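Below is a short briefing for a reader who is new to this structure. Please look over the model first.

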Amino acid sequence: MNPNDTPQIKWQGRHLTLKTAGRWEYVTRNNISGIVGIIPVTNDNKLVLVEQFRPPVGTSVIEIPAGLAGDRPEFNDEEIATAAERELLEETGYQAGKMKLLFVGVSTPGLTDETVHYFLASDLQKVHSGGGDSSEDITVHELDLNNFEPWVNEMQSAGLLIDVKVYAAVYYLRNHLSAKRGRS
């Protein structure tokens with residue numbers, strides 16, 4: 001692909017658009033202002049994860065809480081940090097006392113143009129049981145980082161898939177928490 005190739009729309013659905021640029025095909029999301037991923041850690045250093053069925057892979061997937069900003073009319077002017085707070089509360093039932101932007105990165109640059117804003121959520125307070133909005137069926141998991149490998153093996157043995165962002169979250173937290181302990 002030449003960087004000067006003008007993208008052409010090949011197909012457009014309600015949520016996704018398939019585009020080409022030169023010989024490259026990729027998808028974009030329609031009607032959003034951003035994407036958030038949240039790494040929520042409880043006061044006792046547990047990582048909060050979500051599990052939900054994902055039709056493209058035909059099974060349930062363990063993921064970090066995540067979602068879209070500006071995807072519904074009532075969220076048109078929503079700030080990215082506000083979307084992260086809302087998604088965390090909707091999916092997990094936790095409200096964050098602190099929400100810190102860690103970095104912005106691409107998710108699958110060979111397939112989509114989307115970038116994700118990753119936040120660390122801490123000082124969590126459980127407000128409700130979570131489970132997502134009316135279009136979602138989410139199970140919430142609280143994972144002790146010291147038990148990560150056996151837990152992941154158990155989930156995989158049960159037929160679940162693990163989103164690669166979970167591994168990144170665990171890596172970040174293990175390094176962040178150990179560095180924090182070293183400064184104490």
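In what order do the elements of the protein run from the N terminus on? They run β-β-β-β-β-β-β-α-β-β-β-α-β-α, with helices (H or I, at least four residues) and strands (E, at least two) taken as DSSP runs numbered from the N terminus. This is a predicted model, in which local features need pLDDT of at least 70, side-chain atom pairs count only at pLDDT 80 or more, and totals for chains, interfaces and linings use all residues. Residues are numbered from 1 along each chain as its sequence is written.

**Overall form**
- The protein has 3 helices and 11 strands.
- Its radius of gyration, taken over C-alpha atoms, is 18 Å, close to the 16 Å of the globule rule (2.2 Å times the number of residues to the power 0.38), so the protein is as compact as a globular protein of 184 residues.
- The C-alpha trace spans about 50 × 35 × 35 Å along its principal axes.

**Sheet**
- An open sheet of mixed pairing holds 4 strands in the order β7-β4-β9-β8; two strands pair if DSSP finds at least two bridges between them.
- β7 (66-69) and β8 (94-106) are at the edges with a single partner strand each, so one side of each has no neighbour in the sheet.
- β8 and β9 (residues 115-126) are antiparallel over 11 bridges, and Leu101 has Phe119 in β9 as its bridge partner.

**Confidence**
- The mean pLDDT (the predictor's confidence in each residue, from 0 to 100) is 92 for the protein.
- Confidence is lowest in helix α3 (residues 164-183), at a mean of 83, and highest in strand β11 (residues 161-162), at 98.

Technical notes: Side-chain values use heavy atoms; hydrogens and water are left out.
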